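Student: I have a model open and would like to go through it with you. Could we begin with the terms and then look at particular residues?
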Amino acid sequence: MKIDGGSTAWMLVSAALVLLMTPGLAFFYGGMTRAKSVLNMMLMSFAGIAVVSVLWVLYGHSLAFGTSGSDFLNNFIGGFDQLGLNGLLETATKEDGTGVPSLLFSVFQMMFAVITVALISGAIADRAKFGAWVVFSAVWVTVVYLPVAHWVWGGGWLMKLGVEDFAGGTAVHINAGAAALALALVLGRRKGWRKEPMRPHSLPLVLLGAGLLWFGWFGFNAGSQLAADGVAALAFVNTQVAAAAAAGAWIVVEKLRDGHSTTLGVASGAVAGLVAITPACAFVTPVWAIVIGVLAGVLCALAVGLKYRFGFDDSLDVVGVHLVGGLVGAVLIGFAGFTAYTEASDPGLFYGGGLAQLGKQVLGAVAVLVFSFVVTYGIGKAVDKLMGFRIASDDEVAGIDITQHAETGYDLGSIHASGVVSANGSTATVTTKKVEA
Amino acid sequence: MRLITAVIKPFKLDEVKAALEAFGVTGMTVSEASGYGRQRGHTEVYRGAEYRVDLVPKVRVEILAEEDDAEDVIDVIVKAAQTGKIGDGKVWSVPVDTVIRVRTGERGPEAL
């Protein structure tokens, strides 16, 4: 197949759209923290971009999408045959089998790895050592993300089994959500959690982030068709209506339960809908996409309360939105999956496919959930043991931005306008040695 | 001279200010404050979680007045700030020894 100019153009844009989701996530999460932690929160996402992009070129692509000599090993992990994107460079100029250069496919997938790592950071707001996070993200993408991406998309055992995950419900969202739960447990609760109202400091930032995520998600979902065609259009439409329906459903739940429909609810609901439609966006009709959106909006709105019941401080609701939303979408493929356009292995229960696909979907979701949770917990504990994952208690109270990064997000005060404020609130004095004449 | 301090509900500031101006008070200092009295804060529900908010936002108004005017000024503030519901705030006054207008160096009642 010749390189298809239209599809290649769309995929170049899609890769950029998916990249934009991570800065979008930084705003989405950053607005949700307290003012004293906004920079650290945003920085965790940007650090994810920096670390994962480089690792992806060095060995990430190869371990996710390469092959090794052993068929057995290839069920679980790629190989070392494409280190440094070796072998993909030729497709920049030559024709290959997909209509889109392999190099472009690789960079598109790179962006998925980037955002999956960044998603986890929402669970550990206000309290994680930055260096520990950087080390964690490098290890996590290597030991958890790359194998799971290989299982689901790279020819691994879930793919061979026929588990469907069009754009990352299992590989990205269930994976990140389970990892977030594990890391929230490793780091423990923030000081004052449940006693102080840790409300979002800037809802406009949250909405800005949600908007950027929504926009970028068209590249995430419709781009996952790897072509500019009808399935991409279906995924695009489904992405839009699922997000819209979920945003509406979430604030209805809020109105009934709390008496108010909130901005945070609209933003969280839209993201929950986007998460849920991600695995299913090419396998369901637009009407089913609305149903998935409504279910995701309702279930995720209720699920964000679980942390209070079970006492884990998943600070920005990564579990409630991404794990639960991902499960909703992944499992519903087993009911509403419909295979007119795509070559999905079996249609869902409502389309005459019986329970076969549903069983596969549940298996895939549970496998990724358990693997990600267990391994992430181990990595988190190891990092904590070796370098300490949590900042000092006093630093946490004073604010992670000033104590870890020597910056503040908002330089609004007239006395402390330099932004260099010590932990007790006094301005730092710059002393220079006086030279005696 | 007396320093009158009023801690009131923030949304009552405009009414208090207007009433004081109508009475003839020529200056005041206003600052944001937070605290609680007998009502002991309140609970808020957000994202399905109930929070106890101990420190409620308030506005603090400070006025320097002559001894003879002090009681009247206090009455004006209380009347304007009252809603009859819990959390209306408090007003108190303390004696002041010296007041100086920085620009001119005037002291005492002339500096008010």
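Tutor: Let us begin with one term: helices are DSSP runs of H or I with at least four residues, numbered from the N terminus. In that numbering, L386(A) belongs to helix α13 of chain A. Please keep in mind that this is a predicted model.

Student: Is L386(A) buried or exposed?
Tutor: L386(A) is exposed, because its relative accessible area is 76% and the cut-off for exposed is over 50%.

Student: Which residues form the nonpolar patch on the surface?
Tutor: The patch is made up of V135(A), V139(A), V143(A), L386(A) and M387(A), which together have about 410 Å² of accessible area. Two elements of chain A each supply two or more of its residues, namely α4 (130-152) and α13 (356-387).

Student: Which element gives the most to it?
Tutor: That is α4(A), with three residues.

Student: Turning to confidence, what is the average pLDDT of chain A?
Tutor: Chain A has an average pLDDT of 91, and 91% of its residues score at least 70. Residues 421-430 of chain A, however, have a pLDDT below 50. Beyond near neighbours in sequence, that stretch makes ten contacts in the model.

Student: And what about chain B?
Tutor: The average pLDDT of chain B is 92, and 100% of its residues score at least 70. The model's scores are ipTM 0.70 and pTM 0.88.

Student: Which residues does Y145(A) touch?
Tutor: Leaving out residues up to four places away in sequence, the contacts of Y145(A) include the aromatic residues W56(A), F112(A), W140(A) and W153(A). Also among them are Q109(A), A113(A), T116(A), A171(A), V172(A) and N175(A).

Student: On to charges. How many salt bridges does the structure hold over all chains?
Tutor: There are twelve salt bridges over all chains. One of them pairs D126(A) with R34(A), with 2.9 Å between the closest N and O atoms. These two residues are 92 residues apart: D126(A) is in the loop between α3 and α4 of chain A, while R34(A) is in the loop between α1 (5-32) and α2 (38-65) of chain A.

Student: Are those two buried or exposed?
Tutor: D126(A) is buried, because its relative accessible area is 1%. R34(A), at 15% relative accessibility, also counts as buried, since the cut-off is under 20%.

Student: Which residues are linked in the network of salt bridges?
Tutor: The network links R34(A), D126(A), R190(A), E196(A) and D313(A).

Student: How far apart are the closest N and O atoms of K307(A) and D317(A)?
Tutor: They are 2.9 Å apart, in a salt bridge. K307(A) is in helix α11 (residues 306-310) of chain A and D317(A) is in the loop between α11 and α12 (318-336) of chain A, ten residues apart. K307(A) counts as buried at 5% relative accessibility, and D317(A) counts as buried at 4%.

Student: Lastly, where do S102(A) and P204(A) lie?
Tutor: S102(A) is in helix α3 (residues 102-120) of chain A, and P204(A) is in helix α7 (residues 203-222) of chain A. S102(A) counts as buried, because its relative accessibility is 17%. P204(A) counts as exposed, because its relative accessibility is 61%.

Student: How far apart in space are S102(A) and T33(A)?
Tutor: Their C-alpha atoms are 39 Å apart, and the two residues are 69 residues apart in sequence. For P204(A) and F112(A), which are 92 residues apart along the chain, the C-alpha separation is 26 Å.

Note on methods:
Residues numbered from 1 in each chain as written. Chains lettered and ligands numbered in written order. Predicted model: local features only at pLDDT ≥ 70, side-chain atom pairs only at ≥ 80, totals over all residues. Heavy atoms only, no water. Patch = residues over 30% accessible without salt bridge, like charges linked within 9 Å, V, L, I, M, F, W, Y side chains within 5 Å. Areas by Shrake-Rupley, 256 points an atom, 1.4 Å probe, with all protein chains shown as cover. Salt bridge = Lys/Arg side-chain N within 4 Å of Asp/Glu carboxyl O. Buried < 20%, exposed > 50% of the residue type's maximum accessible area, 1.4 Å probe, protein only. Contact = heavy atoms within 4.5 Å. pLDDT = per-residue confidence, 0-100.
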